[in-house]
Amino acid sequence: MTKHEARQARGTPRSGGAVGTVIRPNRALAQAAHTRREVLAILVALAAAVFTPVKAMHAQVVSGQVALQERPGETTSDLRDAVAWLEPLGGSARPAPAGEVEMAMQGRQYTPRVVVVAPGGRVAFPNKDGFNHNVFSKSAAAPFDLGLYGRGKTKAQAFRAPGAHAVYCNVHPRMLGYVVVVPSALWAQATDDGRFTIDRVPPGRYKLVLWHSRAMMASQEVTVAANGTALGTLPMDARGYRYVQHTDKTGRDYKSATGDRY
Ligand SMILES: [Cu+2]
């Protein structure tokens, strides 16, 4: 609703007498009735202002909820690591403009652990810990090493090849982040409960791609209606996942299990 429409909505009961006006001889009573009408009108306008944009937002929204199938005994606590995107069938996906996002190094972790960029997008890696970190990737498409740097310093890296690039630290073996390069502007990251919403999706047929750091990549065809589509629960298979310690940037085992000697 525009400001103009909001004003009209507020004006309607005031001028139209739709509330059931009783003309009272007593001026104070009339004033009170007028005030009640004002309050009601404002409430109507507020309700319209609150609900109209929400309704508009749901048009052409594709929503779903990722659910991981785990090995027996495993619990899921990392649904936020899931990314979903749509690629049009019979056409080519259009990527988002290449911007820059941040993945901080804090508490010996990459945070957030998963970021999404368009092809050519950059990721800045600020060091927010009081000791040195390193950022390197052995991604087959484009390995890199940003060297060792300390608190308050930031280095950045551009990512071009679509797919997930694992990012490590040569000091701390357990530090692990993922830069997911998504070729389509129609993407979303999940929240803690696995839900995601992709906004402003033109109606049509798409391939929905689901990525998660521990699960098999999954895809399925979906049809998006003119008023959006709710896809419901989308299972992903994480039963084959086991943590395997990667090697350091020279391809050797880390000297320390935690890197605490630094
Ligand atoms: Cu580190």
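Q: Where is the place of Thr191, in terms of β13 and β14?
A: In this predicted model, Thr191 has its place in the loop that runs between β13 (187–189) and β14 (195–198).

Q: And why does Thr191 count as partly exposed?
A: Thr191 has 14 C-beta neighbours inside 10 Å, so it counts as partly exposed, given that a residue is buried at 20 or more such neighbours and exposed at 12 or fewer.

Q: How many residues apart in sequence are Thr191 and Asp81, and what is the distance in space?
A: Thr191 and Asp81 are separated by 110 residues in sequence, while their C-alpha atoms lie 8.3 Å apart in space.

Q: Switching to strands, which ones form the open sheet, and in what order?
A: The open sheet is formed by 3 strands in the order β3-β7-β10, with mixed pairing. Its edge strands are β3 (100–102) and β10 (154–159), each of which pairs on one side only, and the twist from one strand to the next averages 25°.

Q: In what sense do β7 and β10 pair, parallel or antiparallel?
A: Strand β7, covering residues 121–126, pairs with β10 in the antiparallel sense over 6 bridges, and Arg122 stands opposite Ala158 of β10.

Q: What about β6, which way do its valines point, and are they buried or exposed?
A: From strand β6 (residues 114–117), Val114 and Val116 point one way, whereas Val115 and Val117 point the other way, and all are buried.

Q: Which residue in β12 stands opposite Val115?
A: Opposite Val115 stands Val179 in β12; the strands concerned, β6 and β12 (residues 176–181), pair in the parallel sense over 4 bridges.

Note on methods: Residues are numbered from 1 along each chain as its sequence is written. This is a predicted model: local features need pLDDT of at least 70, side-chain atom pairs count only at pLDDT 80 or more; totals for chains, interfaces and linings use all residues. Two strands pair if DSSP finds at least two bridges between them. Helices (H or I, at least four residues) and strands (E, at least two) are DSSP runs, numbered from the N terminus. Axes are lines fitted to C-alpha atoms, for helices over the stretch in contact, and angles run from 0 to 180 degrees between N-to-C directions.
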